[in-house]
Amino acid sequence: VRSTPITPLIAFLQSLQSAALASLGSSGFDPKVYVDLPLKRDLASTQAAFDALPRVDGVVPAATLQRYVDEYFGVAGSDLLVAQPADFVAEPEGFLPKVERPEVRAWALQVHALWKNLSRRVADEVREQPERHTLLPLPGPVVVPGSRFREVYYWDSYWSIRGLLVSKMYETAKEIVRNLLSLVETYGFVLNGARAYYTNRSQPPLLSAMVFDIYERTGDMEFVKQAVPLLLKEHKFWNSEVHKVTVQDAQGHKHSLNRYNAMWDRPRPESGTIDEESAARLSSAAQRRNFYHQVASTAESGWDFSSRWMRNSSDLTTLATTSIIPVDLNAFIYKVSYG
Ligand SMILES: OC[C@H]1O[C@H](O[C@H]2O[C@H](CO)[C@@H](O)[C@H](O)[C@H]2O)[C@H](O)[C@@H](O)[C@@H]1O
(Lines give C-alpha, C1' and ligand atoms only; values in the text may rest on other atoms or scores of the structure.)
Protein backbone atom coordinates (compact mmCIF):
# COMPACT_ATOMS: atom_id res chain seq x y z
CA VAL A 1 0.00 0.00 0.00
CA ARG A 2 1.27 3.47 -0.90
CA SER A 3 0.36 5.17 2.40
CA THR A 4 -0.46 8.89 2.43
CA PRO A 5 1.79 10.83 4.86
CA ILE A 6 0.20 11.81 8.17
CA THR A 7 0.35 15.51 9.16
CA PRO A 8 1.82 16.57 12.56
CA LEU A 9 -1.59 18.06 13.49
CA ILE A 10 -3.45 14.78 12.86
CA ALA A 11 -0.77 12.75 14.68
CA PHE A 12 -1.09 15.03 17.71
CA LEU A 13 -4.92 15.02 17.70
CA GLN A 14 -4.82 11.22 17.60
CA SER A 15 -2.67 11.11 20.73
CA LEU A 16 -5.15 13.50 22.38
CA GLN A 17 -7.94 11.14 21.28
CA SER A 18 -6.22 8.14 22.94
CA ALA A 19 -5.57 10.16 26.11
CA ALA A 20 -9.23 11.25 26.19
CA LEU A 21 -10.45 7.66 25.91
CA ALA A 22 -8.19 6.65 28.81
CA SER A 23 -9.43 9.63 30.89
CA LEU A 24 -13.14 9.62 30.07
CA GLY A 25 -13.87 5.94 29.37
CA SER A 26 -15.63 4.42 26.39
CA SER A 27 -19.26 5.19 27.32
CA GLY A 28 -20.56 7.74 24.79
CA PHE A 29 -17.02 8.35 23.50
CA ASP A 30 -16.80 9.63 19.91
CA PRO A 31 -13.19 9.60 18.66
CA LYS A 32 -14.07 11.83 15.71
CA VAL A 33 -14.69 14.81 18.01
CA TYR A 34 -10.96 14.98 18.85
CA VAL A 35 -9.64 15.06 15.29
CA ASP A 36 -12.22 17.74 14.44
CA LEU A 37 -11.11 20.16 17.19
CA PRO A 38 -9.79 23.50 15.85
CA LEU A 39 -6.68 24.80 17.63
CA LYS A 40 -6.86 28.21 19.38
CA ARG A 41 -3.05 28.51 19.45
CA ASP A 42 -0.19 27.10 17.39
CA LEU A 43 0.50 23.38 17.40
CA ALA A 44 3.84 23.61 19.27
CA SER A 45 2.40 25.39 22.34
CA THR A 46 -0.78 23.25 22.31
CA GLN A 47 1.36 20.12 22.27
CA ALA A 48 3.75 21.41 24.96
CA ALA A 49 0.79 22.13 27.27
CA PHE A 50 -0.59 18.65 26.62
CA ASP A 51 2.76 17.01 27.41
CA ALA A 52 2.93 18.99 30.67
CA LEU A 53 -0.50 17.82 31.94
CA PRO A 54 -0.31 15.90 35.23
CA ARG A 55 -0.91 12.15 34.88
CA VAL A 56 -1.85 9.47 37.39
CA ASP A 57 -0.51 6.08 36.25
CA GLY A 58 -0.11 7.60 32.79
CA VAL A 59 -3.73 8.85 32.66
CA VAL A 60 -4.72 12.55 32.70
CA PRO A 61 -7.56 13.11 35.25
CA ALA A 62 -10.86 13.72 33.43
CA ALA A 63 -11.46 17.24 34.84
CA THR A 64 -7.89 18.32 33.99
CA LEU A 65 -8.25 17.05 30.43
CA GLN A 66 -11.59 18.83 30.01
CA ARG A 67 -10.07 22.13 31.23
CA TYR A 68 -7.16 21.72 28.81
CA VAL A 69 -9.48 21.02 25.86
CA ASP A 70 -11.64 24.08 26.70
CA GLU A 71 -8.58 26.31 26.97
CA TYR A 72 -6.69 25.20 23.88
CA PHE A 73 -9.42 24.25 21.37
CA GLY A 74 -12.58 25.61 19.81
CA VAL A 75 -15.68 23.44 19.72
CA ALA A 76 -15.62 20.70 17.06
CA GLY A 77 -17.46 22.07 14.04
CA SER A 78 -17.18 25.74 15.09
CA ASP A 79 -14.94 26.41 12.07
CA LEU A 80 -17.94 25.91 9.80
CA LEU A 81 -20.56 28.64 10.07
CA VAL A 82 -24.30 28.33 9.48
CA ALA A 83 -25.09 30.21 6.26
CA GLN A 84 -28.47 30.51 4.62
CA PRO A 85 -28.18 29.51 0.92
CA ALA A 86 -28.71 32.55 -1.35
CA ASP A 87 -31.15 30.73 -3.65
CA PHE A 88 -33.42 29.30 -0.92
CA VAL A 89 -37.07 30.38 -0.99
CA ALA A 90 -39.69 28.94 1.36
CA GLU A 91 -41.94 27.70 -1.49
CA PRO A 92 -40.16 27.65 -4.87
CA GLU A 93 -42.23 28.28 -7.99
CA GLY A 94 -43.19 25.00 -9.65
CA PHE A 95 -42.12 22.93 -6.58
CA LEU A 96 -43.27 19.28 -6.93
CA PRO A 97 -46.30 20.07 -9.14
CA LYS A 98 -47.66 16.51 -8.91
CA VAL A 99 -47.85 16.56 -5.10
CA GLU A 100 -51.35 17.91 -4.54
CA ARG A 101 -52.56 16.57 -1.16
CA PRO A 102 -52.14 19.50 1.27
CA GLU A 103 -50.68 17.42 4.13
CA VAL A 104 -48.10 15.77 1.83
CA ARG A 105 -47.18 19.15 0.32
CA ALA A 106 -46.76 20.63 3.80
CA TRP A 107 -44.44 17.75 4.74
CA ALA A 108 -42.44 18.11 1.49
CA LEU A 109 -41.96 21.82 2.24
CA GLN A 110 -40.73 20.95 5.73
CA VAL A 111 -38.14 18.63 4.18
CA HIS A 112 -37.23 21.38 1.69
CA ALA A 113 -36.71 23.79 4.63
CA LEU A 114 -34.00 21.47 6.02
CA TRP A 115 -31.52 23.00 3.53
CA LYS A 116 -31.33 25.92 5.94
CA ASN A 117 -30.17 23.59 8.75
CA LEU A 118 -27.55 21.85 6.63
CA SER A 119 -25.98 24.82 4.84
CA ARG A 120 -22.62 26.16 6.00
CA ARG A 121 -19.61 28.17 4.92
CA VAL A 122 -16.00 27.67 5.97
CA ALA A 123 -14.95 30.28 8.57
CA ASP A 124 -12.29 32.78 7.41
CA GLU A 125 -9.92 31.60 10.17
CA VAL A 126 -9.55 28.24 8.32
CA ARG A 127 -8.26 30.03 5.21
CA GLU A 128 -6.07 32.34 7.35
CA GLN A 129 -4.51 29.60 9.51
CA PRO A 130 -5.14 26.25 7.80
CA GLU A 131 -2.43 24.59 9.93
CA ARG A 132 -4.74 24.87 12.98
CA HIS A 133 -7.63 22.97 11.37
CA THR A 134 -8.26 19.51 9.98
CA LEU A 135 -11.18 21.09 8.12
CA LEU A 136 -10.22 21.91 4.53
CA PRO A 137 -10.94 25.43 3.24
CA LEU A 138 -13.44 24.80 0.43
CA PRO A 139 -14.05 27.94 -1.64
CA GLY A 140 -17.88 27.97 -1.84
CA PRO A 141 -20.88 27.41 0.44
CA VAL A 142 -21.37 23.80 1.54
CA VAL A 143 -24.13 21.35 2.50
CA VAL A 144 -23.23 18.82 5.19
CA PRO A 145 -24.83 15.46 6.10
CA GLY A 146 -25.39 16.71 9.68
CA SER A 147 -24.85 15.51 13.26
CA ARG A 148 -21.28 14.18 13.78
CA PHE A 149 -20.65 14.53 10.05
CA ARG A 150 -19.77 18.22 10.23
CA GLU A 151 -17.96 18.42 6.90
CA VAL A 152 -18.76 17.86 3.22
CA TYR A 153 -18.79 14.23 2.02
CA TYR A 154 -18.31 13.08 -1.56
CA TRP A 155 -21.13 10.69 -2.33
CA ASP A 156 -23.58 12.31 0.10
CA SER A 157 -23.22 15.38 -2.13
CA TYR A 158 -24.75 13.43 -5.02
CA TRP A 159 -27.94 12.81 -3.06
CA SER A 160 -27.93 16.40 -1.78
CA ILE A 161 -27.72 17.67 -5.36
CA ARG A 162 -30.67 15.47 -6.45
CA GLY A 163 -32.68 17.10 -3.66
CA LEU A 164 -31.41 20.61 -4.40
CA LEU A 165 -32.54 20.26 -8.01
CA VAL A 166 -36.03 19.34 -6.81
CA SER A 167 -35.86 22.42 -4.56
CA LYS A 168 -34.82 24.52 -7.61
CA MET A 169 -31.61 25.56 -5.83
CA TYR A 170 -29.48 25.35 -8.94
CA GLU A 171 -26.75 27.79 -7.80
CA THR A 172 -26.18 25.91 -4.52
CA ALA A 173 -25.99 22.63 -6.48
CA LYS A 174 -23.34 24.14 -8.79
CA GLU A 175 -21.36 25.53 -5.82
CA ILE A 176 -21.20 22.04 -4.29
CA VAL A 177 -19.78 20.68 -7.55
CA ARG A 178 -17.28 23.57 -7.77
CA ASN A 179 -16.06 22.70 -4.26
CA LEU A 180 -15.55 19.07 -5.23
CA LEU A 181 -13.81 20.09 -8.46
CA SER A 182 -11.42 22.21 -6.37
CA LEU A 183 -10.48 19.04 -4.46
CA VAL A 184 -9.73 17.28 -7.77
CA GLU A 185 -7.57 20.24 -8.74
CA THR A 186 -5.58 20.07 -5.48
CA TYR A 187 -5.43 16.33 -4.76
CA GLY A 188 -6.16 14.69 -8.13
CA PHE A 189 -9.40 13.16 -6.81
CA VAL A 190 -12.41 13.98 -4.66
CA LEU A 191 -11.60 13.13 -1.06
CA ASN A 192 -13.91 10.97 1.06
CA GLY A 193 -14.73 14.18 2.91
CA ALA A 194 -13.32 17.70 3.29
CA ARG A 195 -10.92 16.94 6.15
CA ALA A 196 -7.14 16.57 6.15
CA TYR A 197 -7.55 13.02 7.50
CA TYR A 198 -9.56 11.96 4.44
CA THR A 199 -6.75 12.54 1.92
CA ASN A 200 -5.95 8.81 1.72
CA ARG A 201 -9.15 7.75 -0.06
CA SER A 202 -12.09 8.82 -2.17
CA GLN A 203 -15.73 7.67 -2.18
CA PRO A 204 -18.00 6.30 -4.97
CA PRO A 205 -17.17 8.40 -8.06
CA LEU A 206 -20.39 10.29 -8.71
CA LEU A 207 -18.97 13.71 -9.64
CA SER A 208 -19.72 13.41 -13.35
CA ALA A 209 -23.25 12.19 -12.51
CA MET A 210 -23.69 15.40 -10.46
CA VAL A 211 -22.54 17.55 -13.40
CA PHE A 212 -24.80 15.60 -15.78
CA ASP A 213 -27.90 15.95 -13.56
CA ILE A 214 -27.31 19.69 -13.14
CA TYR A 215 -26.86 20.11 -16.90
CA GLU A 216 -30.05 18.15 -17.60
CA ARG A 217 -32.02 20.48 -15.34
CA THR A 218 -30.37 23.82 -16.21
CA GLY A 219 -28.92 23.37 -19.72
CA ASP A 220 -25.82 25.27 -18.50
CA MET A 221 -23.17 24.19 -21.03
CA GLU A 222 -20.60 26.70 -19.72
CA PHE A 223 -20.72 24.92 -16.34
CA VAL A 224 -20.14 21.57 -18.07
CA LYS A 225 -17.21 22.95 -20.10
CA GLN A 226 -15.51 24.20 -16.92
CA ALA A 227 -15.99 20.81 -15.24
CA VAL A 228 -14.81 18.49 -18.03
CA PRO A 229 -10.99 18.85 -17.64
CA LEU A 230 -11.27 18.04 -13.92
CA LEU A 231 -13.71 15.17 -14.56
CA LEU A 232 -11.08 13.71 -16.89
CA LYS A 233 -8.45 14.18 -14.18
CA GLU A 234 -10.65 12.30 -11.69
CA HIS A 235 -11.29 9.54 -14.26
CA LYS A 236 -7.52 9.08 -14.57
CA PHE A 237 -7.24 8.63 -10.78
CA TRP A 238 -9.84 5.84 -10.79
CA ASN A 239 -8.09 4.17 -13.73
CA SER A 240 -4.61 4.34 -12.24
CA GLU A 241 -2.81 1.33 -10.75
CA VAL A 242 -4.33 2.01 -7.31
CA HIS A 243 -7.87 1.06 -8.33
CA LYS A 244 -7.41 -0.96 -11.52
CA VAL A 245 -7.24 -4.76 -11.68
CA THR A 246 -6.98 -7.04 -14.70
CA VAL A 247 -9.02 -10.25 -14.60
CA GLN A 248 -9.21 -13.12 -17.08
CA ASP A 249 -12.54 -14.76 -17.96
CA ALA A 250 -13.18 -18.49 -18.72
CA GLN A 251 -12.41 -17.88 -22.42
CA GLY A 252 -9.03 -16.35 -21.54
CA HIS A 253 -10.12 -12.76 -22.37
CA LYS A 254 -8.61 -10.07 -20.18
CA HIS A 255 -10.78 -7.33 -18.63
CA SER A 256 -9.71 -4.18 -16.88
CA LEU A 257 -11.95 -3.51 -13.88
CA ASN A 258 -11.90 -1.41 -10.72
CA ARG A 259 -11.91 -1.93 -6.98
CA TYR A 260 -11.88 0.21 -3.84
CA ASN A 261 -8.34 0.53 -2.47
CA ALA A 262 -7.38 3.21 0.06
CA MET A 263 -3.81 4.54 0.28
CA TRP A 264 -3.63 3.84 4.00
CA ASP A 265 -2.69 1.02 6.38
CA ARG A 266 -3.08 2.65 9.80
CA PRO A 267 -6.10 3.25 12.06
CA ARG A 268 -8.48 5.82 10.51
CA PRO A 269 -7.79 9.02 12.52
CA GLU A 270 -11.54 9.74 12.90
CA SER A 271 -12.08 6.24 14.36
CA GLY A 272 -8.56 5.55 15.62
CA THR A 273 -9.40 4.12 19.03
CA ILE A 274 -12.16 1.91 17.54
CA ASP A 275 -9.90 0.52 14.81
CA GLU A 276 -7.13 -0.20 17.32
CA GLU A 277 -9.58 -2.09 19.53
CA SER A 278 -10.82 -4.19 16.59
CA ALA A 279 -7.26 -4.92 15.44
CA ALA A 280 -6.16 -5.99 18.94
CA ARG A 281 -7.67 -9.42 18.21
CA LEU A 282 -5.20 -9.97 15.38
CA SER A 283 -1.89 -11.56 16.27
CA SER A 284 0.69 -10.04 13.91
CA ALA A 285 1.63 -6.50 12.88
CA ALA A 286 1.20 -7.51 9.20
CA GLN A 287 -2.37 -8.72 9.87
CA ARG A 288 -3.17 -5.50 11.69
CA ARG A 289 -1.79 -3.39 8.84
CA ASN A 290 -3.86 -5.38 6.34
CA PHE A 291 -6.97 -4.92 8.51
CA TYR A 292 -6.44 -1.13 8.68
CA HIS A 293 -6.01 -1.06 4.90
CA GLN A 294 -9.24 -3.03 4.41
CA VAL A 295 -11.14 -0.79 6.86
CA ALA A 296 -10.07 2.38 5.02
CA SER A 297 -10.83 0.77 1.64
CA THR A 298 -14.30 -0.12 2.90
CA ALA A 299 -14.79 3.50 3.97
CA GLU A 300 -13.85 4.44 0.39
CA SER A 301 -16.81 2.35 -0.80
CA GLY A 302 -19.20 4.44 1.32
CA TRP A 303 -20.69 1.13 2.57
CA ASP A 304 -18.85 1.09 5.89
CA PHE A 305 -19.43 -1.49 7.17
CA SER A 306 -21.64 -3.74 5.14
CA SER A 307 -21.24 -7.53 5.39
CA ARG A 308 -20.87 -7.49 1.59
CA TRP A 309 -17.14 -6.86 2.19
CA MET A 310 -16.55 -9.51 4.90
CA ARG A 311 -15.52 -13.12 4.40
CA ASN A 312 -17.37 -13.92 7.65
CA SER A 313 -20.36 -11.58 7.94
CA SER A 314 -20.18 -11.45 11.75
CA ASP A 315 -16.44 -10.72 11.98
CA LEU A 316 -15.23 -7.25 10.98
CA THR A 317 -11.60 -8.40 10.93
CA THR A 318 -12.38 -10.53 7.86
CA LEU A 319 -13.00 -7.45 5.65
CA ALA A 320 -11.57 -8.22 2.19
CA THR A 321 -12.75 -5.20 0.22
CA THR A 322 -9.67 -4.85 -1.99
CA SER A 323 -10.16 -8.44 -3.25
CA ILE A 324 -13.71 -7.74 -4.42
CA ILE A 325 -14.64 -6.23 -7.81
CA PRO A 326 -17.83 -4.35 -6.95
CA VAL A 327 -20.53 -4.13 -9.61
CA ASP A 328 -21.71 -0.68 -8.43
CA LEU A 329 -18.23 0.90 -8.63
CA ASN A 330 -17.69 -0.59 -12.10
CA ALA A 331 -21.10 0.65 -13.24
CA PHE A 332 -20.24 4.20 -12.07
CA ILE A 333 -16.91 4.12 -13.91
CA TYR A 334 -18.47 2.58 -17.03
CA LYS A 335 -21.01 5.40 -17.06
CA VAL A 336 -18.23 8.00 -16.87
CA SER A 337 -16.20 6.28 -19.61
CA TYR A 338 -18.99 5.73 -22.13
CA GLY A 339 -21.68 8.18 -21.04
O1 LIG B 1 -22.63 10.54 5.85
C2 LIG B 1 -21.25 10.59 5.75
C3 LIG B 1 -20.65 9.22 5.62
O4 LIG B 1 -20.88 8.56 6.88
C5 LIG B 1 -20.37 7.23 6.98
O6 LIG B 1 -18.98 7.13 6.80
C7 LIG B 1 -18.13 8.14 7.34
O8 LIG B 1 -17.83 7.88 8.68
C9 LIG B 1 -16.81 6.95 8.98
C10 LIG B 1 -16.55 6.96 10.48
O11 LIG B 1 -16.60 8.19 11.08
C12 LIG B 1 -15.55 7.26 8.16
O13 LIG B 1 -14.50 6.40 8.41
C14 LIG B 1 -15.91 7.21 6.67
O15 LIG B 1 -14.77 7.38 5.86
C16 LIG B 1 -16.92 8.30 6.44
O17 LIG B 1 -17.28 8.36 5.07
C18 LIG B 1 -21.06 6.40 5.90
O19 LIG B 1 -20.66 5.06 5.94
C20 LIG B 1 -20.74 6.96 4.51
O21 LIG B 1 -21.43 6.23 3.53
C22 LIG B 1 -21.24 8.41 4.46
O23 LIG B 1 -20.82 8.99 3.24
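Which residue takes a positive phi in the hairpin of β4 and β5? The legend for Figure 1 has the reply.

A note on all views: this is a predicted model, where local features need pLDDT of at least 70, side-chain atom pairs count only at pLDDT 80 or more, and totals for chains, interfaces and linings use all residues. Residues are numbered from 1 along each chain as its sequence is written, and side-chain values use heavy atoms, with hydrogens and water left out.

**Figure 1. The hairpin of β4 and β5.** Gly 252 is the residue in question: its phi is positive, near 85 degrees, in a hairpin with five residues between the strands. Strand β4 (residues 244-248) and strand β5 (residues 254-258) run antiparallel and are joined by five bridges. Lys 244 has Asn 258 as its bridge partner in β5. Strands here are DSSP runs (E, at least two residues), as are helices (H or I, at least four), all numbered from the N terminus. Two strands pair if DSSP finds at least two bridges between them.

**Figure 2. The open sheet.** Three strands pair antiparallel in the order β1-β2-β3. The edges belong to β1 (80-82) and β3 (142-143), each pairing on one side only. Between β1 and strand β2 (residues 119-122) there are three bridges in the antiparallel sense. Look for Leu 80, which stands opposite Val 122 in β2.

**Figure 3. The largest pocket.** Its volume is about 440 Å³. Lining it are 17 residues, and Ser 208, Phe 212, Lys 335, Val 336 and Gly 339 are the closest to the centre. Two or more lining residues come from each of α10 (207-218), α11 (221-238) and α14 (327-338). Sorted by class, the lining of the largest pocket has 13 nonpolar, three polar and one charged residues. The classes go like this: Ala, Val, Leu, Ile, Met, Phe, Trp, Tyr, Cys and Pro are nonpolar, Asp, Glu, Lys and Arg are charged, and the others, Gly among them, are polar. On a 1 Å grid over the protein atoms alone, a pocket is an open set of points where a 1.4 Å probe fits, with protein on both sides within 12 Å along at least five of seven lines, and lining residues have an atom within 4 Å of a point. Grid points are joined across faces, edges and corners, and a volume is the space filled by probe spheres set on the points.

**Figure 4. The second largest pocket.** This one holds about 320 Å³ of space. Of its 19 lining residues, Arg 148, Phe 149, Tyr 198, Arg 268 and Asp 304 lie nearest the centre. The lining of the second largest pocket has eight nonpolar, four polar and seven charged residues. Asp 304 also takes part in a cis peptide bond with Phe 305, with omega about 0 degrees. Phe 305 sits in the loop between α13 (285-301) and α14.

Figure 5. The whole structure has 16 aromatic pairs. Ring centres of Tyr 68 and Tyr 72 are 5.0 Å apart with planes at 35 degrees, so this pair is tilted. Both residues belong to helix α4 (residues 62-72), four residues apart, about one turn of the helix. Tyr 68 and Tyr 72 are each buried. For Phe 237 and Trp 238, the centres are 5.6 Å apart and the planes at 80 degrees, so that pair is edge-to-face. Phe 237 is buried at 11% relative accessible area, and Trp 238 is buried at 2%. One aromatic cluster is formed by Phe 12, Phe 50, Tyr 68, Tyr 72 and Phe 73. Rings of Phe, Tyr and Trp (its six-membered ring) pair if their centres lie within 6.5 Å; planes under 30 degrees apart are stacked, over 60 edge-to-face, the rest tilted. Buried means under 20% relative accessible area, exposed over 50%, partly exposed in between (1.4 Å probe, protein chains only).

**Figure 6. Charges over rings.** Arg 55 lies over the face of Phe 50, 5.0 Å from the ring centre. The charged end of Arg 308 sits over the ring of Trp 303, at 4.4 Å from its centre. The test is NZ of Lys or CZ of Arg within 6 Å of the ring centre and within 35 degrees of the ring normal.

Figure 7. Leu 96, not a glycine, has a positive phi of about 40 degrees. Leu 96 lies in the loop between β1 and α5 (102-113). Lys 168 has a positive phi near 60 degrees, in the loop between α8 (154-166) and α9 (170-187).
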